[in-house]
Amino acid sequence: MMLDQLSRELEDLGRAAKVGLIGTILDRHLGSSVPDDRIVMRLLSKLGTSKRPIQFANLLTCLRDRNIEQNIYLASAAITSCRKCCDWSTALSILVEMGSAHVELDTITYNAAVSACEKGGKWDQALRL
């Protein structure tokens with residue numbers, strides 16, 4: 001499946017997972033098309049599950065650069081993946097970005113952000129949410 005191959009290539013990048021290289025891989029697999037939300041959510045979930053925070057963060061940057069529509073589903077998938085990576089700072093950044101984009105966040109999204117803070121040992125940040 002295309003998604004499995006794409007996520008494997010992103011995972012294999014290791015520390016070389018720069019935004020430009022990730023963009024090249026996305027272009028090779030997706031061309032100039034805007035990927036379906038379900039593909040993006042599954043890809044974010046796979047990288048979160050494999051605990052690849054560098055690839056994950058740079059993939060988010062590439063998706064923003066491709067003008068992927070920001071919505072509650074992608075926000076929840078991204079923040080849940082941050083929780084899996086124990087990446088509390090990216091989770092909070094996503095919350096701020098989504099708020100700025102006027103995306104109405106729900107309890108599930110906030111719970112995932114609180115959990116990301118908890119896993120990162122940042123209870124003070126979790127309590128501010």
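Select Tyr 73 to begin: this residue lies in helix α5 (residues 72-85). Helices here are DSSP runs of H or I with at least four residues, numbered from the N terminus. The model is predicted, so local features need pLDDT of at least 70 and side-chain atom pairs count only at pLDDT 80 or more, while totals for chains, interfaces and linings use all residues. Residues are numbered from 1 along each chain as its sequence is written, and side-chain values use heavy atoms, with hydrogens and water left out.

Is Tyr 73 buried or exposed? With a relative accessible area of 56%, Tyr 73 is exposed (buried means under 20% relative accessible area, exposed over 50%, and partly exposed in between, with a 1.4 Å probe and protein chains only).

Tyr 73 and Leu 95 are 22 residues apart in sequence, and their C-alpha atoms are 12 Å apart in space.

Select α6 (residues 88-100) and α7 (residues 107-119), which pack at an angle of about 155 degrees with their axes 8 Å apart. Axes are lines fitted to C-alpha atoms, for helices over the stretch in contact, and angles run from 0 to 180 degrees between N-to-C directions. The angle makes α6 roughly antiparallel to α7 (under 35 degrees counts as roughly parallel, over 145 as roughly antiparallel, 65 to 115 as roughly perpendicular and the rest as oblique).

Now move to α1 and α2, whose axes are 10 Å apart and which pack at an angle of about 165 degrees. These two helices are therefore roughly antiparallel to each other. In α1, select Met 2, Gln 5, Leu 6, Glu 9 and Leu 10; these meet Ile 22, Ile 25, Leu 26, Arg 28, His 29 and Leu 30 in α2.

Finally, keep Arg 28 and Glu 9 selected. Their side chains meet in a salt bridge, at 2.3 Å from N to O (a side-chain nitrogen of Lys or Arg within 4 Å of a carboxyl oxygen of Asp or Glu). This pair links distant parts of the chain, 19 residues apart: Arg 28 belongs to α2 (residues 19-30) and Glu 9 to α1 (residues 2-12). Arg 28 counts as exposed, at 53% relative accessibility. By this rule, the count comes to one salt bridge.

Terms used. Contact = heavy atoms within 4.5 Å.
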